[in-house]
Amino acid sequence: MPYRAPVSDFTFLFNQIVGLNDVTATERFEDATADVVEAIIAEAGKLCDEVVAPTNRLGDLTPAVLENGVVRASPGFGEAYKAIAEGGWVSVSASPEFGGMGLPQAVATAVNDMMSGANLALQLCPLLTQGQIEALEHHASDEIKELYLPKLISGEWTGTMNLTEPQAGSDVGALRSKAEPNGDGTYKISGQKIYITWGDHDVAENICHLVLARLPDGAPGTKGISLFMVPKFIPDENGKPGVANSLRCVSLEHKMGLHGSPTAVMQYDEATGWLVGSENGGMKAMFTMMNNARLGVGAQGIGIAEASYQHALAYAMDRTQGASPIENGTGAIIDHADVRRMLASMKADIFAARAIALACAVAIDMASATGKSEWSARAALLTPVAKAFGTDVGCEVADAGVQIHGGMGFVEETGAAQFLRDVRVTPIYEGTNGIQAMDLVARKMMDGGDAIFALLDEIEGFAEQAREKMPELAEPVWQASETLRETVEWMVAQGNLNERFAGSVPFLRGFARVLGGYYHLQAAMQEPDSARARLARFYINRLLPEHTGVLAHARCGAEDLYALSPDDLAA
């Protein structure tokens with residue numbers, strides 16, 4: 001399954017669209033010059049093309065297995081992971097204090113995007129470790145940082161996130177896992193966790209589990225939850241993996257896709273753990289990891305979309321079927337209008353989703369570097385959009401990839417179906433896309449919509465400037481932004497949150513559509529007579545108009561939704 005990392009797209013987006021130069025102009029990131037970033041992205045792309053991508057199909061055909069209590073990774077995964085770790089790619093944005101590169105989150109997001117396109121099942125392992133590194137940097141004691149961060153950053157040890165239990169999925173507060181003090185600063189952790197990505201494996205020497213559990217006096221719900229570090233092997237006095245902890249992988253899930261990623265059911269039986277953060281402050285600490293992972297998962301969807309698009313494009317340029325409908329056609333199915341439409345839609349949406357994700361990462365970097373509240377608000381606002389739209393695009397593009405292959409797309413040997421199977425979980429984990437949308441219209445509008453209005457002012461200001469050179473593209477973007485502004489005003493006016501929730505998913509879609517139009521317009525203005533400008537015209541003329549329908553849906557409220565009773569739906 002050939003894959004070519006889209007290095008040039010990242011260079012263009014960084015330099016011309018999302019403003020990475022603002023990040024590198026700060027004191028914190030001043031060493032990340034344009035030349036340095038370009039060299040890093042090129043080197044990461046080379047690793048993805050030559051080392052990671054060749055393992056993708058192997059993981060699908062030869063899944064990870066649990067044998068005699070030991071999880072064996074798919075063929076080639078151990079060697080590929082070693083190359084990722086030794087190259088420093090686990091710790092692109094981690095603090096240099098413990099061995100990280102200290103680069104902007106935007107660069108890490110680009111690397112994650114490429115690595116996901118090369119092999120998402122494998123990329124999940126370093127992604128979870130990255131999230132754990134950030135959680136420990138912000139919340140762990142100095143002792144835990146000094147022991148665990150160098151090992152996690154080097155990739156010698158890997159990290160996981162343990163939230164979900166059989167009875168506690170999205171409702172994390174329903175968890176039953178217990179933590180009892182041992183009297184020596186450690187705790188006995190007991191309970192079962194499910195859906196633990198890379199919960200057990202043999203590609204690294206130790207696995208560090210961050211586990212949510214409740215202390216004996218912990219209040220019900222999320223307010224009484226604490227977070228604990230529970231390693232597979234308890235480090236000895238030299239910081240090396242020592243005795244085995246009292247935990248085990250009970251089973252591996254048999255999944256639709258991502259066969260190379262071992263998704264474990266983990267059992268903790270009075271396992272030794274150490275508190276991370278404050279007592280009953282587990283959700284705050286875990287949300288640091290989850291927010292990191294949400295942007296990362298958005299990038300996963302985009303990476304899979306890129307790989308599926310490349311696969312479908314190669315097939316469409318080679319497959320002949322019927323007479324060409326255009327003069328001087330190639331004779332391949334790419335000549336047919338509907339195939340051309342699907343490919344253009346795929347490429348246009350990948351660009352839009354990738355720009356949103358990188359803009360979110362830049363906002364995170366600017367907030368970190370400057371401490372300014374407006375950047376924190378921008379980062380918080382864009383995170384649910386980047387996660388949900390990126391993964392929706394992943395599913396839609398992978399589905400179109402199967403369609404372009406026709407009957408051969410339904411045949412596993414072509415590999416087209418693997419992309420769809422692998423990416424389908426991304427709208428589900430790290431907070432379903434419905435939850436992302438609810439977060440967008442609730443928490444992210446607690447400011448009365450100020451953060452969104454500030455972004456809309458920016459979009460409309462740019463569109464007004466672009467009217468002089470490209471009025472036919474600038475005007476639709478400006479008008480779409482106004483429709484979105486009116487919808488935000490309607491949302492803010494709804495005192496009953498359920499009125500907002502009823503239209504939250506179409507609202508997020510409409511928001512993403514407008515953002516996509518903005519970034520495509522910027523691309524067209526940067527390169528007026530180019531493939532990017534022609535792609536922008538396609539997006540603005542054909543895909544942006546979707547905003548009208550979904551934003552009308554978003555303003556419908558909840559009444560007609562609940563007018564349909566369960567009996568009506570069952571009739």
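Residues are numbered from 1 along each chain as its sequence is written, and side-chain values use heavy atoms, with hydrogens and water left out. Because the model is predicted, local features need pLDDT of at least 70 and side-chain atom pairs count only at pLDDT 80 or more, whereas totals for chains, interfaces and linings use all residues.

Helices are DSSP runs (H or I, at least four residues), numbered from the N terminus. Helix α1 (residues 7-17) packs with helix α3 (residues 34-52) at an angle of about 155 degrees, and their axes lie 9 Å apart; here axes are lines fitted to C-alpha atoms over the stretch in contact, and angles run from 0 to 180 degrees between N-to-C directions. This arrangement makes α1 roughly antiparallel to α3, a term for angles over 145 degrees, while angles under 35 degrees count as roughly parallel, 65 to 115 as roughly perpendicular and the rest as oblique. On the α1 side, Val7, Phe10, Thr11 and Phe14 meet Val37, Glu38, Ile41, Ala42 and Gly45 of α3, where contact means heavy atoms within 4.5 Å. By class, six nonpolar, two polar and one charged residues form the contact of α1 with α3; Ala, Val, Leu, Ile, Met, Phe, Trp, Tyr, Cys and Pro count as nonpolar, Asp, Glu, Lys and Arg as charged, and the others, Gly among them, as polar.

The residues Gly394, Cys395, Ala398, Asp399, Gly401, Val402 and His405 in α10 meet Ala416, Ala417, Phe419, Leu420 and Val423 in α11. The contact of α10 with α11 comprises eight nonpolar, three polar and one charged residues. With α8 (282-318), α10 packs at an angle of about 20 degrees, the axes being 7 Å apart. That makes α8 roughly parallel to α10, and the crossing of α8 and α10 is left-handed. The residues of this contact divide into 13 nonpolar, 11 polar and two charged.

Helix α11 is largely enclosed by the rest of the structure, because seven of its eight residues are buried; buried means under 20% relative accessible area, exposed over 50%, and partly exposed in between (1.4 Å probe, protein chains only). The buried residues of α11 are Ala416, Ala417, Gln418, Phe419, Arg421, Asp422 and Val423. They pack against α4, α6 (105-139), α8 and α10.

Side chains of opposite charge can pair when their charged atoms come close. With a salt bridge defined as a side-chain nitrogen of Lys or Arg within 4 Å of a carboxyl oxygen of Asp or Glu, the count comes to 28 salt bridges. Arg421 of α11 is bridged to Glu412 at 3.0 Å, N to O. Arg421 is buried, with a relative accessible area of 15%, whereas Glu412 is partly exposed at 35%. Salt bridges that share partners also join Asp9, Asp113, Glu306, Arg354, Glu527 and Arg532 into one network.

Two salt bridges lie within single helices. In helix α4 (residues 56-61), Arg57 and Asp60 are three residues apart, separated by about one helical turn, and their side chains meet at 3.1 Å, N to O. Arg57 counts as buried at 17% relative accessibility, as does Asp60 at 9%. In helix α5 (residues 77-86), Lys82 and Glu86 are four residues apart, again about one helical turn, and their side chains meet at 4.0 Å, N to O. Glu86 counts as exposed at 61% relative accessibility.

Trp478 is found in helix α14 (residues 471-493) and counts as buried at 18% relative accessibility. Residues up to four places away in sequence not being counted, Trp478 touches Glu460, Ala463, Glu464 and Arg467. The C-alpha atoms of Trp478 and Ala466 lie 9.9 Å apart in space, the two residues being 12 apart in sequence.

Definitions and conventions
A crossing is left-handed if the near helix is turned anticlockwise from the far one by less than a right angle, and right-handed if clockwise.
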